Amino acid sequence: MSCGIQSRTTLRILVDSSSSNLLRQCKSLVQAQLIHQQLIVHDTLHHNFPATQLIHAYITHNAPSHHALFLLQRLHPSPSTVYFWNLLIRHALRKGLCHRVLSFFRQMSTLGWNPDEYTYPFVLKACGHLPTGASLHGAVCANGFNSNVFVCNALVAMYGRCSALGDARNMFDEMNFTRVCDVVSWNSIVASYWQNGHPKTALNLFRRMTINQTSKSPMVPDAVSLVNVLPASAALCDSSRGKEIHGYAYRTGLFQDVFVANAAIDMYAKCGMIVEAIKVFEQMKDNKDVVSWNTMVTGYSQVGRFEDALALFQEMKQDNIKLNVIAWSAVIASYAQRGHGPEALDVFRQMQLSGSEPNVVTLVSLLSACAAIGTLLHGKQTHCYAIKSVLNLNMNDPGDDLMVINGLIDMYAKCKNINIARAMFESVAPKDRNVVTWTAMIGGYAQHGEANEALKLFSELFQQDEPLMPNAFTICCSLMACARLCAFRFGKQIHSYVLRNQYGSETVFVNNCIIDMYSKCGIVDAARIVFDNMQLKNPVSWTSLMNGYGLHGRGKEALEIFNDMRKTGFLPDAVTFVVVLYACSHSGMVDTGLKIFHGMSKEFGIIPGPEHYACVVDLLGRAGRLDQAKKLIQEMPVEPNLIVWIALLSGCRTHGNIELGEYAAKKLSELGVENDGIFTLLSNLYADARRWKDVARIRSSMKHSGIQKRPGCSWVEGKKGTVTFYVGDMTHPKTREIYDFLAETINRIKAIGYIPETSFALHDVDDEEKSDNLSEHSEKLALAYGILSSPSGATIRITKNLRVCGDCHNAFIYISKIIDHEIVLRDTSRFHHFKKGSCSCRGFW
């Protein structure tokens, strides 16, 4: 019997030995499982050596974790075999299975194993929940690892990852005091601060690191130190500190590290120093990796050099360099911001074919591309993709969801589907909306004719339980709405808010919108005061004020600003010349306007476009020089477009040139243009000549084409807000009082010489009936209400959605003689200031 026992023992030893050899040579999971099978058959699995070898084989060949875990649970706890728990935990960590790492750690502790100094750093890396992290910290102290630099560094990083900066700093300060710190400790605390939005503190800590007084010599930063601190410089746009760090990298040879060089490219690009970023990129030569290329593409996009971004993108495609999701998103954004929506959509398709998964930034860029070209169908497709891949997913970052929803609000609004945009806005709980959510919706209303809704929403922003501070874009969108409505009082309140809350580097853009708002509310002198008090101006500042003077027929002041702009070194662009020519047109400055037009290409190298020709045609048309206007059109180097022919038709209507007017209308018809404005101009031209059959023919044509003339509408600021009137309006509570007062006023001005210009009634009826029709025009009703509701001497501000009627214009001149109010009337063409029997337009309207 003893002989049998001895033989079985010998057999087990032989099996252990052969199994160990086989496990060392094991090349697949299947082989490991076959050896496992043999060990079970021969009852040798309880021996530590083959069991640990088998655990190692299972982990090496990516076996499901339960294989290794089964074996570990049957081993006796010992310090020498803790290594295999660490191996299993590290394997799960590398696969991103953080919850499994924590589960393994709990099982390990439950089975009586004592973690070592290598266990805790792995487990702490998997911890993203502060209470769990705090418990682990307690275990670290209980087991005597609170002086181990590796474990303590992991604790600092864990607290930083959980956004517990106070705990991270306490841990670091304790390490620093006890002189346990190494360079990794400093790197961990610096990274914690910049990753949690405190780049300034991160930079200050980096500086302390290099002059550390608590150790005998300062810490020497390594490549990781620089990779941590360069993004902090970028976040602050602190190019001087970034340059210092870059210089240090050169002196110490750390610049040869590709990660450091990539961080330097990113820092320079985010600081707007793209030339320096290019130099770094080119100096890398053959050391570039895929991140280098992607960072450069992103950098070009960030500074607005979209052509360069796209050129580098094409070069990467030719050289088969793989783009990452950030670079794909940057290229899509480059196309979107240049208004090239189809190209952006094409790049997105290429991205999908390449196997790269779009992220939130990609989708937001894609939605921006759809918005740029108004392609609602593609926008809806992107919305569907977002629902499937991003929105409302478990474990998804709520901030990512909100970014996409904000992009959807913007896209639907810009695709003129404002109701769906509002539905998306309402789908976000008020407490979860950020300032971008509000701005996207306010901007959508402001840009698409819903100015009242925009201002209502802007007011609601301040009425929440926890009011949000509007950013510069919110303010600009709201000012745009005020300008559209001529809502002077509301605009003035926003201006006051801006003065109380400075907007830093964005102040120049806000001030430009304030200039535009005051100009379009009829107070160009207030716009000039804002302009004169601006410490920083850009070309838009000058152009906005010039445009304001042009709208008010103050061409001389517009030209003075134009000349001052040139003296300060700003070069006028194509938009500037449109504004200057417009100002000349509305001030009767024909010869000056022609001189500027002919000097555009000679003096400034700007080739006149259709919009410049349209301004000059309008200039000549208003002055009655219609033949000269026609000749100019015939000599155009490009095909005349819609606005050129409309300018000519408008001049013909003003001066009653039916033949040339019909010629312009024919050209518009050949372009396939049919809208109520063109038909109305032609109808009015025939009505002025009393060609009623032609008027009837035009109106019949409009009816058969399904085109309806926009009803005349005027609005005026009252004590309790803006009041709107339509032609013949009988809806106001004070209708009877308004009509009685208007009739009395008309009789008063008739007594001093006013004669109704019945030609503007545009109907084939007798003059008495025409006179009654004229008294129901919306601008007259708005004026009557304004006089009744305004205190003596207050300016009455009226806005009309169409061009002011000639009879109303004449009546306002007479009314301004008998009242002590200044009347400021804004129509689709310009401003008219009526005061003491005269109008600022001087007949050029």
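Q: Is R433 buried or exposed?
A: R433 is buried, with a relative accessible area of 10%. Buried means under 20% relative accessible area, exposed over 50%, and partly exposed in between, with a 1.4 Å probe and protein chains only. This is a predicted model, in which local features need pLDDT of at least 70, side-chain atom pairs count only at pLDDT 80 or more, and totals for chains, interfaces and linings use all residues. Residues are numbered from 1 along each chain as its sequence is written, and side-chain values use heavy atoms, with hydrogens and water left out.

Q: Which residue forms a salt bridge with R433?
A: E426 does, and the closest N and O atoms are 3.4 Å apart. A salt bridge here is a side-chain nitrogen of Lys or Arg within 4 Å of a carboxyl oxygen of Asp or Glu. E426 is partly exposed, at 44% relative accessible area.

Q: How many salt bridges are found in the whole structure?
A: The search finds 21 salt bridges. One of them joins D807 and K780, at 2.7 Å from N to O. That pair links distant parts of the chain, with D807 in helix α44 (residues 806–818) and K780 in helix α43 (residues 778–789), 27 residues apart. Helices are DSSP runs of H or I with at least four residues, numbered from the N terminus.

Q: And are D807 and K780 buried or exposed?
A: Both D807 and K780 are buried.

Q: Which residues are linked in a network of salt bridges?
A: The network links E662, R691, D694 and R697.

Q: Changing topic, how many residues has the largest nonpolar core?
A: It has 237 residues, and those with the most contacts inside it are M296, I475 and L648. Helix α15 (residues 258–270) gives the largest share of this core, nine residues. A nonpolar core is a set of buried Ala, Val, Leu, Ile, Met, Phe, Trp, Tyr and Cys residues joined through side-chain atoms within 4.5 Å.

Q: What does L648 touch?
A: Leaving aside residues up to four places away in sequence, L648 touches V617, L626, A629, I633, L660 and A664. Contact means heavy atoms within 4.5 Å.

Q: Which residues does the second, separate core include?
A: That core of 31 residues includes V723, Y739, A782 and F834.

Q: What about aromatic pairs, how many are there?
A: The count comes to 24 aromatic pairs. Rings of Phe, Tyr and Trp (its six-membered ring) pair if their centres lie within 6.5 Å; planes under 30 degrees apart count as stacked, over 60 as edge-to-face and the rest as tilted. F462 and Y497 form an edge-to-face pair, 5.4 Å centre to centre with 75 degrees between the planes. F462 belongs to helix α26 (residues 451–462) and Y497 to helix α28 (residues 488–500), 35 residues apart.

Q: Which of the two is buried, and which is partly exposed?
A: Y497 is buried, at 13% relative accessible area, whereas F462 is partly exposed, at 32%.

Q: Why is the pair of W542 and F570 tilted?
A: The ring centres of W542 and F570 are 6.4 Å apart and their planes are at 50 degrees, so the pair counts as tilted. W542 lies in helix α31 (residues 539–551) and F570 in the loop between α32 (555–567) and α33 (574–585), so the pair ties together parts that are 28 residues apart in sequence. W542 is buried, with a relative accessible area of 7%, while F570 is partly exposed at 26%.

Conventions. Helices (H or I, at least four residues) and strands (E, at least two) are DSSP runs, numbered from the N terminus.
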